[in-house]
Amino acid sequence: MALLLLNHMGNDQNEYIKQHVQVKNPYLDTMEEDILYHFSLSTKTHNLPEMFGDIKFVCVGGSANRMKAFAQFIHQELELPGNPEEVRDICEGTDRYCMYKVGPVLSLSHGMGVPSISIMLHELIKLLHHAQCSDVVLIRLGTSGGVGLAPGTVVVTNKAVDYSFCPQFEQVVLGKVITRSTELDEGVANELLQCSAELKRFPTIIGNTMCTHDFYEGQGRLDGALCSFSHEEKLEYLKKAYEAGVRNIEMESTVFAAMCRVCGVKAAVVCVALLNRFEGDQITSPHDVLVEYQQRPQVLVSHFIKKRLGHIV
């Protein structure tokens, strides 16, 4: 883990300085209680440092069922005691998100799209801050549409880009547009690519990921309820995206990258491509094939976590 080294008291012994999760809101210090409403947690009703202080890896994904499955999978991979089938949803008091803690790993759902993951990230980052977590890596696991890629290819995001292929996220605050950078941690991305080379189970690349605010028109699909462009215009846009380094399209990466960057959290996005958008818009692979595709980011990230924890030399 990339940590800052400091020469301590003038001697030759180097000491690691922990990188704590930061919040960028001075008003939080004035609050007697911080209610994490969508998690059904609170700083007054729960001992967050005791519950979450040992978290080193946070893995998030859109589907509640998929993130429960990942929690059960990582439980087995880390060979932890107990029955993986009995992992408990910490957010069972709400129906917005699910959350499972498995040793030093937290597995959460974030729903679909920028607004849903944004709400989750605000409360997650505050949770990690209140719990005094340090040296945490956040990873989004997901599915996506590939751009010039064979179905089943895993993309580790280099930069999350917007509709104009720029590495930025625009947030409207009090009627004004704030622009934030969406560059992700290069070291973590390279580690993940190396893990895939060690696994030798599926193709993995590093590329830019385009984040849109819509699954249909925003991604240039011809099969939505509305369509105001031609097949030729769609292909021209996808070609421009490819030339700009875009290799897949999804709906959460820009705000994820931007918020993690502002709060000093190392982050990565790992998504499998379910289809090549140059060849069509609808997902036609058989169900069992899609299930195996969706497991590929989980397998890769599991290998990454086990390496970080020293389970794999």
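Leaving aside its neighbours within four places in sequence, which residues is Arg140 in contact with?

Arg140 is in contact, where contact means heavy atoms within 4.5 Å, with Val60, Gly62, His110, Ile117, Glu250, Glu252, Phe256, Ala268, Val269, Val270 and Cys271, once neighbours within four places in sequence are left aside. The structure is a predicted model, in which local features need pLDDT of at least 70 and side-chain atom pairs count only at pLDDT 80 or more, while totals for chains, interfaces and linings use all residues. Residues are numbered from 1 along each chain as its sequence is written, and side-chain values use heavy atoms, with hydrogens and water left out.

Arg140 lies in strand E8, residues 137-146; strands (E, at least two residues) and helices (H or I, at least four) are DSSP runs, numbered from the N terminus. Because its relative accessible area is 3%, Arg140 counts as buried, a word that means under 20% relative accessible area, whereas exposed means over 50% and partly exposed lies in between (1.4 Å probe, protein chains only). Leu141 is also placed in strand E8, and it is buried because its relative accessibility is 3%. Not counting residues up to four places away in sequence, Leu141 touches Cys59, Val60, Gly61, Gly62, Met67, Phe70, Val270, Pro297, Gln298 and Val301.

Gln219 lies in the loop between strand E12 (204-211) and helix H5 (231-243), and it is buried because its relative accessible area is 4%. Leaving aside neighbours within four places in sequence, Gln219 is in contact with Thr212, Asp214, Ile249, Glu250, Met251 and Arg277.

## Helix H2 and what covers it

Helix H2 (residues 64-77) has 14 residues and reaches 20 Å from its first C-alpha to its last, which is close to the 20 Å expected at 1.5 Å a residue; the expected span of a helix is 1.5 Å times one less than its number of residues. Its buried residues are Arg66, Met67, Phe70, Ala71, Gln72, Ile74 and His75, and their cover includes strand E5 (57-61), strand E6 (99-102), strand E7 (105-109), E8 and H7.

Gln72 is found in this helix and counts as buried because its relative accessibility is 15%. Apart from neighbours within four places in sequence, Gln72 is in contact with Pro84, Glu85 and Val87.

## Two partly exposed residues

Phe278 has its place in the loop between strand E14 (266-276) and helix H7 (287-308), and it is partly exposed because its relative accessible area is 30%. Although Phe278 and Lys239 are 39 residues apart in sequence, they are 8.5 Å apart in space, C-alpha to C-alpha. With neighbours within four places in sequence left aside, Phe278 is in contact with Val147, Gly148, Leu235, Leu238, Lys239 and Tyr242.

Val173 lies in strand E10 (residues 168-173) and is partly exposed because its relative accessible area is 33%. Together, Val173, Leu174 and Ile178 make a nonpolar surface patch of about 290 Å². Patches are made of residues with over 30% relative accessible area and no salt bridge, with like charges joined within 9 Å and nonpolar side chains (Val, Leu, Ile, Met, Phe, Trp, Tyr) within 5 Å. A salt bridge is a side-chain nitrogen of Lys or Arg within 4 Å of a carboxyl oxygen of Asp or Glu, and accessible areas come from the Shrake-Rupley method with a 1.4 Å probe, where for residues only the protein chains shown count as cover.
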